[in-house]
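Here are a few exercises to work through with the model open in your viewer. Try each task before you read its solution.

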Amino acid sequence: MDIMLILCIAFAIVFVLLAPFVGAIISGIDRKVTAKMQGRVGPKILQPIYDVLKLLGKESATVNPAQDFFVLLYLIFVVIAGIIFFSGLDFLLCVLIITLASLFLIIAAYSSRSPFAELGAQREILQVMCYEPMILIMAVGLFMANGAFNIYDLFNAQLPIIVYLPLIFIGFIFVLTIKVRKSPFDISMSHHAHQELVRGVTTEISGRSLAYIEISHWYETVLFLGWVAMFFIFCNPLVSAILCVASVIVVYFLEILIDNNFARVKWQSMLKYSWIVALLFGGVNILVLMVL
Amino acid sequence: MLDLTALYSISFLIFFPIVVALILLFVKNDKARKYIVGPASAIIIAAALFLSITFLPSTNAQNFYVTIDKSIAELINYICLFIDILLVAYIVFRCIKSKKFFVLILAILQLILVVWFELFVAPSIEVEFNLYIDTLSIIMALIIAIIGCGICVYALGYMHDFAAHSTCKDRSSTFFAIMFAFLGAMFAIVFSNNLSWMFCAWEITTVCSFALIGYTRTQEAVNNSFKALLYNIIGGMCFAIALVWSAYAFGVLELDSFVVTVASLSTEASYLSYIPLMLLAIAGFTKAAQFPFQNWLLGAMVAPTPTSALLHSSTMVKAGVFLLIKLSPCFGFNLSGYFVMLIGGVTFVFAAFCAISQSNSKRVLAYSTVSNLGLIVACCGVGTSAAIWAAIFLLVFHAAAKSLLFLCVGTAEHHIGSRDIEDMDLLFDRMPMLSRFMSIGILGMFIAPFGMLVSKWAALVSFVQTEDIIIIILLVFGSAATFMFWAKLLGKMMASANNFNETLEKSIHNSEWVALCLMVFLTVGLCIAFPLISSGAVVPYVSNIFNEGSDFIGAGMHWFLALLSFVIALIFLAYTPKTKNKKIQPVYMSGIGINSQERSFINSLSGETKATQRNWYMDNIFPEKKTSLAGIIVSIALIFSLGFFAIITTSQVVEDYRVLAVASSAYHENDWKSLEIDQATFVSSYILVNQKYEESPESFDSTYGSSDVNSYFSDTYNKYAQSQTSTASNQTSDTTTTNDSSATNSTSQNPTSNEGGE
């Protein structure tokens, strides 16, 4: 076994074991910062973990066993996507698998047969349709700047890819708001109550399955922040580590700021803005790369 | 020995279905038909398998050509002509009956062109190999045989129910006869190297689809069948003109030598190939229902479901993309390549947008076919080895998954009485096995790790390598729309209220189950066997054409994806919700839930209210009429602008080469006065000189007195110019010098190597 393979496996294991804790703490900090912004004290940093532990111990009651099964599949495929990314493999494959995972969440919502969940599912489909072009353009940009979709090739690069893909990075931050389910784009399963939606996709999900949803959300947060960090990796390990951590902190703080300062938009606006951003920022960046 | 085997197995595959068709024409009894269709299908599948097992090892190394005795070949030429005349006679008959005179005029014009061509032009061109087997034709033959015959078997049960459901006269015997004749014609298309034979089979498929679409003889069916006929006759017309052009300009009537000749033309000479290539591409577009010709395929929905399944998966539309894949080495980075790529890309996006607003499941499937074929066509236009690899896999996976979906929708329609997606609510409860099959088909169409999406991924990579922004943008937005319409269809079907008591599946015919299981097996099996097919057939084929080629995604990744798709397929097929250790609760609906299946609840006034929920169709954002109109306008604009551009460049190049070729041939003949030469002669003289050089660059010098083709032409041109100056006595030697430099300029960018256009 060569050293690359061992490193890949090691990173994958570290991701599977540590990502939920990192994700939970990020989520705890998120709630704390949000509370501070709203002039409240806020819950403990570890509160998300306590919540999930409590959910795991609940009696299993459901509207439909199929729904719980698909929620489990959602969790599994989010983890697989994360493994693919953090072991330095193909970025595009990671994107495709995370799309598969969201499809399982959508099916779970549909299968519950709750009108609210179904509405949430359709909005979730729309969200995928909104962010997919930008994410695919980002993959194309990565391929053009890096010469391959592989993440581990970035560690040999002379310059981080943010140098080549500044506009794509901005566009990605824009759709990241959709992916991490932050306002103004939290239309499919809002943290806050909305009359027409109740709890959207997760309306009928409870107990253990709801805990799985939370855990997948932690994994997803870590994965997406990994995508942010990807823009800042290059051959100097120390500098890129500093840049990665700094960028992740700045970007996530920005997301919290956006979350607290924007009201939810209508889905029509979400579709319009996200596609325009993809076309404009993504398209122009790719065009510049091609000309150069 | 192998030669004879090839000849016999090809002719068996072409003629056996036609013989079966003739027999079926006279079998009116349902039961007797069962005993003919089943065994005949098994025999065709066995023959195709035999052919592929026998020839795959040799075709992976190089194409396998079949020589036919000259007199027999000539006889077949006349038979083809006779069939062409018969087909047009049938069209004329139907046109007069239905008073469609525009189609009639086109058909007759086409016939005149073809008869003139066959009688006066074609005989002068020598065709060395009329038939051939290569890996692509083996893949196509397997698709046609297995999927096509599977659909025929399915039709046994389906047509029985159809006759009971519909009010029209039961003409099942004609229906089955045409289905089998269609298969025979498809085999003829994929194995013909002789372009005029291929054209004949091409026209047979046009007329077969015309007859199948108009099967019910209702006004709508007749109108739609004529629409299909009109578009395909336009395509046939383009094919015929391209045939004449290639015979005149390049002196070839063989598909493979046409491709080789055109692909090896130097950059400037390749301008001459744009018009025939674009005409052939348009012929492919009409068959493959690309924008602006997509309407006929949507109109084809009026026919019984097996027709749609056949047209969409293994025959008609696949003939179009088959031709384009064959031609793809000529495309690449030139005008004709951009033309094909852009039309494909535009089709991919606009068809996907149109599919979003459809609530009729068959129309969703139709638009998705158009969209996916657009992607294949775009890959053909890109014309790199990676793109062709992707195109072939898209074709294979699409054939399996789409036939599965059509068969499922057809069966569901007969049992729930509707093809509307909203009526498929709770299909998971009502038809548990069928909805699982259908979900496998849908997953196979649009989601990783199934083969279709992996091929799309390869297509994306090949598009990135072209460094063309437009096609990448089209691909990413089209993919997003694809997710939208598939996911909401899948979701609607997967809704479940845990009530499996009233299954409607008991009355599904056995023949339908056989076909459905075959398609599921193929859809999943192909995804699992993906790595093997890639390394065993497609990579050798691609590397034969491009002299390069490897696995485009990496073998390890292939196996990972294959395993993953197997697991997911297994989950969907085998998972049954267990209600044992769980407390089942009613769904929350803003009141006390009564019945989750009915979605009824007690409202705040203690009355009962029913909640309703429809899928999103976003009619105001992606209105079908406007979207497809926009697509049609864009694609027509592309066809006309690029076509116009091609005509301009061609005429300019013709002028340039006229001077050169006239000069060179005059030099060769030592006759400076013969300045009038027709187009065919000068192009062929140019190609001749080029070929002579490529055959033996060493001896070129001794024959032509120049070291290579470029200098030969510039030397010749100079001599020609000098002779002109000496004739016109008052011209000075200065002019000669100017002529010199301009001649060198015009020819210096003229690479003589064996490359396609740049």
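This is a predicted model: local features need pLDDT of at least 70, side-chain atom pairs count only at pLDDT 80 or more; totals for chains, interfaces and linings use all residues.

Residues are numbered from 1 along each chain as its sequence is written, and chains are lettered from A and ligands numbered from 1 in the order in which they are written.

**Exercise 1.** Describe the side of chain B that touches chain A.

Step 1: count the residues. Contact (C-beta atoms, placed from the backbone, within 7 Å) links 45 residues of chain B with 45 residues of chain A.

Step 2: find the elements, which are DSSP runs numbered from the N terminus (helices: H or I, at least four residues; strands: E, at least two). Helix H19 (451-466), helix H20 (469-494) and strand S3 (583-584) of chain B each give two or more residues. The largest share, 16 residues, is that of H20(B).

Step 3: sort by class. Ala, Val, Leu, Ile, Met, Phe, Trp, Tyr, Cys and Pro count as nonpolar, Asp, Glu, Lys and Arg as charged, and the others, Gly among them, as polar. On this side of chain B there are 29 nonpolar, nine polar and seven charged residues.

Step 4: look for strand pairing across the chains (at least two DSSP bridges between two strands). Strand S1 (residues 61-62) of chain A pairs with S3(B) in the parallel sense over two bridges, and A:Thr62 has B:Ile584 as its bridge partner in S3(B).

**Exercise 2.** Work out how domain 1 of chain B touches domain 2 of chain B.

Step 1: Domain 1 of chain B spans 2-573 and domain 2 spans 624-748.

Step 2: count again. Each domain of chain B puts 24 residues into the contact.

Step 3: name the elements. On the domain 1 side, helix H8 (219-249), H10 and helix H14 (335-356) of chain B give two or more residues; H14(B) gives the most, with eight residues.

Step 4: classify that side. Its residues divide into 19 nonpolar, four polar and one charged.

**Exercise 3.** Are H10(B) and H13(B) roughly parallel or roughly antiparallel?

Step 1: take the axes, lines fitted to C-alpha atoms over the stretch in contact, with angles from 0 to 180 degrees between N-to-C directions. Helix H10 (residues 274-287) and helix H13 (residues 316-327) of chain B have axes that come within 7 Å and cross at roughly 155 degrees.

Step 2: apply the cut-offs (under 35 degrees roughly parallel, over 145 roughly antiparallel, 65 to 115 roughly perpendicular, the rest oblique). The crossing angle therefore makes H10(B) roughly antiparallel to H13(B).

Step 3: list the contact. Its residues include B:Leu277 and B:Phe285 of H10(B), and B:Val317 and B:Leu324 of H13(B).

Methods: Two residues are in contact if their C-beta atoms, placed from the backbone, lie within 7 Å. Domain bounds come from an automatic or database domain assignment.
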